[in-house]
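This briefing is meant to be read with the structure in view. Please look through the sequence and the 3D picture before going on to the points.

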Amino acid sequence: MGTKNDGRVLVIGSSGQIGTELVEGLRERFGDDAVVASDIKEPQVEQAGPFAMVDALDRRGIERIIEKYEVKEVYLLAALLSATAEKDPAYAWKLNMESLFIILELAREGVLKKVYWPSSIAVFGPSTPKDGTPQHTVAEPTTVYGISKLAGEGWCQYYHQRYGVDVRSIRYPGLIGWKSAPGGGTTDYAVHIFHEALKSGRYTSFLKAGTVLPMMYMPDAIRATIDLMEAPSERVRERRSYNLAGFSFDPEQIAAEIQRHIPGFTITYSPDHRQAIADSWPSSIDDSAALADWGWSPQFDLAAMVDDMITHLKGSANV
Ligand code: VAH
């Protein structure tokens, strides 16, 4: 039975934008059978390893999966992202927080050895220094998503300090990938733009020109996530969450890079409610703590990401 060390890895929220690629990355590193994918709905893609349907708020259902597959590590990705969370604050808080408590409690009880929980640069708000946002600084989020992620970071640190739980976390910037569809984020314009550029040669951005946001290519995000989880515990000094970013750009800059591949591509702007969310976030992030503690460094910049995205989307049915 393929396992990782003495147990398996469970990814809750495996059908989401990150989960889809994280399961693939974990299975490449540890073997198909060592990683159990799970989500509230059946997977859209053929699974190379075990899959189990579960609601992230169903503790008993999660425990049954842990017992059946001898799970020792959990990556908890289920959450409502920034734009979606604004439509249903109460459920967003419930899902984002109660799912975390279930997993932290299972780790406190010794059922799980290690836990990963994603945070976001959304924990920062309008009072945070926008450029080169430090690892430790003012964090007064103005979105439901950011409030839940800031609170969750506090619980992760508490469970580590009080109970010795080995929980690790990354503050993801906007993530861009071609293998999975984004879901309800404010940075998702940077994914939609590729599909529209290839389909129609034009894109109307819901964020205005000049809206600079920290971003990262999904392959870098997946590698960083697994590298953090595989780092020796004593190297993981930040037990709230690590700042991480690849590169920053605004809609004009990514459009110009796409035009190098699709010369006739045009962008127009029609800002909507997501503009206020984007305006509350940093423009660039200082992730030097991740470099110092566990050797993080991005492999993709804007040009390399755009090149790789277009190459793959042209060749896949995802357009
Ligand atoms: C969102 N993609 O837009 C997420 C991310 C920093 C942004 O957390 O909500």
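The model is predicted.

**The ligand and its surroundings**

- In serine 82, a side-chain N or O atom is 2.6 Å from an oxygen atom of the ligand.
- Serine 120 also uses its side chain: a polar atom there lies 2.8 Å from a ligand oxygen atom.
- Threonine 186 takes part through its backbone, where an N or O atom lies 2.7 Å from an oxygen atom of the ligand.
- On its own, the ligand has 280 Å² of accessible area, and the protein covers 96% of that area.

**Strand S4 and its partners**

- Strand S4 spans residues 71-76, and five of its six residues are buried, so S4 is largely enclosed by the rest of the structure.
- S4 pairs with strand S1 (residues 8-12) in the parallel sense, over five bridges. In this pairing, isoleucine 12 stands opposite leucine 76.
- S4 also pairs with strand S5 (residues 114-116), again in the parallel sense, over three bridges.

**Arginine 168**

- Arginine 168 is located in strand S7, which covers residues 167-168.
- Is arginine 168 buried or exposed? Its relative accessible area is 2%, under the 20% cut-off, so arginine 168 counts as buried.
- The arginine 168 side chain reaches the backbone oxygen of alanine 231, at a distance of 2.6 Å.

**A sheet of three strands**

- Three strands form an open sheet with parallel pairing, in the order S6-S8-S12.
- Strand S6 (119-120) and strand S12 (242-243) are the edge strands, each pairing on one side only.
- Strand S8 (residues 170-172) runs parallel to S12, and two bridges join them.
- Arginine 171 has asparagine 243, in S12, as its bridge partner.

Methods. Residues numbered from 1 in each chain as written. Predicted model: local features only at pLDDT ≥ 70, side-chain atom pairs only at ≥ 80, totals over all residues. Heavy atoms only, no water. Polar contact = N/O pair within 3.5 Å; in protein donor to acceptor, adjacent residues only side chain to side chain. Areas by Shrake-Rupley, 256 points an atom, 1.4 Å probe, with all protein chains shown as cover. Buried < 20%, exposed > 50% of the residue type's maximum accessible area, 1.4 Å probe, protein only. Helix = DSSP H or I, 4+ residues; strand = E, 2+ residues; numbered from the N terminus. Pairing = 2+ DSSP bridges.
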